[in-house]
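Good morning, colleagues, and thank you for making time for this presentation. I would ask you to keep the structure in view while I speak.

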Amino acid sequence: MGFTKGGIGSTSSASSDPAIAFPAPTTLASTSELPTAFGGISAPRTQRSFLRSGTSSTSKPSTPLPAHEQAHFNKIGSTLGAQMLAKMGWQTGTGLGATGEGIVIPIESKLRPKKMGIAFKGYREKTEQSKLEAKRRGEVVSGDEEEVRPGQKKKGDAKEKRSDAWRKPKKVKTKVEHKTYEQIIAEAGHEPVVSGIGQIIDATGRMPREVASLADISLSSWTPSTDPTRIPEVRHNLRLIVDACKNDLDGLAREAKALEERKKFIAQENIRLQKKVTDEAELIERLQQVKLIVDDIGAKAKGLASVYEATLDDFSPLFSTLLVQYPTEFDRYRLDEIVVAAITPMVRRIVAQWNPLQDPSGLVTTFRTWKQVLKVNSIDKPPDTQIDIYGAHAVATPPAIEKPMTPFESLLWNVWLPKVRTCLNNEWSPEDPTPAVKLYEAWSTFLPPFVRDNILDQLILPKVSKAVADWSPKRSMVSLHALVFPWLPYLGLRIDGILGDAQRKIKSLLRSWVPTDGVLKDLGGWREVFDNGEWDAMLLKYIVPKLGSLLRDEFRVNPRNQDMEPLKRVLAWSTLLRGSIFVQLLETEFFPKWLDVLHIWLIQPKVSFEEVAQWYSFWKSSFPDSVQSMPGVARGFTRGLQLMNTAIELGPNAPTMLKRPDLRGEKAIATASINQPTATKVTPARIQEITFRSIVEEFAASHNLLFMPTGRVHEKSRMQLFRVSSNIGGKGGLLVYVQDDAVWAPDGDEYAAITLEDMVLRANK
């Protein structure tokens, strides 16, 4: 049996070899009328032949050479040997010999490893050239080892199979070999099928039937039908085809939409990139302009370096141009470093000749005009983080991040601060704080916080603290007020240590005070430094008893030769003492004496009321308006005026009928009449959340009683004792102490809690 040269289905004529003849298929009436799907032959189909023809050639065809061999032959193509072979009919890629059966690739050598014999440990000595030649001759050659003869077994195969039985099998890559239809038919031993129409089934009717040709199909008998049960297989297949086409169309629509979006994105990206290119070009142009200005600044700095009396104002136009015209580039590229580098040499020269104490505002005026250029106080505020905690919004401040010094801060730290430190340490005295205060005021708002804190903590506070500690009222030439108060607005919480020493000095000064010293200089300013309660208690303890003793022992009311000096010393304290305390002092020590003299004058037989009126006016004008407006003082002068009016009304009977005024008794009666309203007034004080001691002090003051500390403590409770008395000298009265929101007073040998009304009654006895 033989095959034709054209292969299965070929339309060419048969070869000369004998072949089995196949019966020709029945010819249809007209092949042009048949559709191609039913085997109509519209054109002869040429198929590639996979069989070698029976004819033999005299030479072998050219063999494709490897790339390195092709390069080798191209290299030696012009040599004498290659030219001689070419004249003999040899071509590149063909074998040697007359029939081309020889080798195609030159013999190559393979170096055996050192100290290795032939086939040692299975070493393969076949070269790539020999393998290619074997393949060309049609021999089966493995890619990594030599051909193994059939029947030969390797030693140890059985042992390896037994040892590998329990192991996981290795994946073996299956080599796929493709075959043509003709090869499959030939291997199966069947005859090739002649192309043509096979079995024809007529499915146009109710029942499918087999027909011999397409002409037997009756087209006239077919009519459309709406029966859904007809040909369900076709309907099902059509439905599947429609669904598949719909899915394909949906996929194509989605792909078209994605492509459209991609197109839009590309268009937007193109616009963005074009804008970016434009911006970059503008930025390059602006940076070129910035470079020109920076070059001008550098040239200006070099030129001023050789000028003896140069000023920093020469840089102002260039700095202004750089900041105003190119603010974005100034911040992005930190051009303040260039500014500081340009002015640093001149700043060093100016600071070397500068005296901060004599000219505190030197350089600061110029630096303030360059505030934005030097980036002074340009601290970015970190965003606050709001946290909702159980409905309440709290602000969580992020942790502080330490930032390096700016170029200008580095200039201040390394050039400006050493000069200031030298002057403050060597030339400044705390007794004359004005130069240092002016220097700090001029620079405080301009300096960075760490430089400002360094000046206060390292230079000013240590010297002020030492001056306060060494201050003495006898040796020191300046007051304690002049040492401390100029720094109070600037030191803040740092002043606590200094104020503690100063307060102790003030207490010691008041303790040793005598009336002949007069009012201490600048004592009124210390009133704001002490608490109100502490201030009043200190004056009650050290000053008020001495003032009462002064009025009681040294003051005399003498209309003929009046000495006003003791009273003037007392009136000088009117602005420092609490109003109620000062009024009680006058009502106790001044008005009784004054009213007694007035009474004696009015009961004289030949009294001159005009002289009395002048004397009354003199005394009233001797008191400042602020003292006259005090209720107790006005009440005392009113009582004297009433006494004068009564004497006028009595006329000649005044010497016998005019009663001697008893100011203390009248005051006690008035106090008893207002006890209840006063108690009602005190009640709101508890709502203000003040201490119970303050309530007791206010209650005692409202009844013209002094609540004075005695400097002693109760033996059992160890609580501080106070004296409640109407006597300004601190004599008599009632000893009490305050504990657990109650007033404790003596009750026999023990102390018992009493009410505030009982305290007032017992203190007035």
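R286 forms a salt bridge with E329, and the closest N and O atoms are 2.7 Å apart. By salt bridge I mean a side-chain nitrogen of Lys or Arg within 4 Å of a carboxyl oxygen of Asp or Glu. R286 lies in helix α6 (residues 232-305) and E329 in helix α8 (residues 327-332), so the pair ties together parts that are 43 residues apart in sequence. Helices here are DSSP runs of H or I with at least four residues, strands are runs of E with at least two, and both are numbered from the N terminus.

Before continuing, a word on the source: this is a predicted model, in which local features need pLDDT of at least 70 and side-chain atom pairs count only at pLDDT 80 or more, while totals for chains, interfaces and linings use all residues. Residues are numbered from 1 along each chain as its sequence is written, and side-chain values use heavy atoms, with hydrogens and water left out.

The terms are set as follows: buried is under 20% relative accessible area, exposed is over 50%, and partly exposed is in between, with a 1.4 Å probe and protein chains only.

How many salt bridges does the rule give? The count comes to 16. I shall take two further examples. K291 and D295 are separated by about one helical turn, because they are four residues apart in α6. K291 is exposed, with a relative accessible area of 53%, and D295 is partly exposed, with 39%.

The other example is the bridge between R504 and D501, whose closest N and O atoms are 2.2 Å apart. Both residues belong to helix α16 (residues 496-511), three residues apart, which is about one turn of the helix. R504 is exposed, at a relative accessible area of 53%; D501 is partly exposed, at 25%.

In the loop between α16 and α17 we find V529. This residue is buried, with a relative accessible area of 19%. The C-alpha atoms of V529 and L488 are separated by 10.0 Å, the two residues being 41 apart along the chain.

Rolling a probe the size of a water molecule over the atoms shows where empty space is left. A cavity is a set of points, on a 1 Å grid over the protein atoms alone, where a 1.4 Å probe fits but cannot get out; its lining residues have an atom within 4 Å of a point. Grid points are joined across faces, edges and corners, and the volume is the space filled by probe spheres set on the points.

A search of the whole structure finds three cavities of 30 Å³ or more. Which elements give two or more residues to its lining? They are α17 (532-542), α28 (692-702) and β5 (706-713). The largest share, four residues, comes from α17. The lining includes G533, D536, R578, R693, E697 and F722. Its residues divide into seven nonpolar, one polar and four charged, where Ala, Val, Leu, Ile, Met, Phe, Trp, Tyr, Cys and Pro count as nonpolar, Asp, Glu, Lys and Arg as charged, and the others, Gly among them, as polar.

Within α28, the buried residues include F692, V696, E697 and A701. Just after α28, N704 takes a positive phi of about 60°.

The second largest cavity holds about 50 Å³ of space. Helices α11 (407-426), α12 (434-443) and α13 (449-469) each supply at least two residues of its lining, and α12 gives the most, with four. Among the lining residues are W416, L439, Y440, W443 and I460. This lining divides into ten nonpolar, no polar and no charged residues.

Finally, the surface. L80, M84, L85, M88, L96, I103 and I107 form a nonpolar patch with about 720 Å² of accessible area together. Such a patch is made of residues with over 30% relative accessible area and no salt bridge, nonpolar side chains (Val, Leu, Ile, Met, Phe, Trp, Tyr) being joined within 5 Å and like charges within 9 Å. Accessible areas come from the Shrake-Rupley method with a 1.4 Å probe, and for residues only the protein chains shown count as cover. L80 is placed in helix α2 (residues 80-87) and is exposed, with a relative accessible area of 62%.

Technical notes:
1 Å grid on protein atoms, 1.4 Å probe; cavity = no way out; pocket = protein on both sides within 12 Å on 5 of 7 lines; lining within 4 Å.
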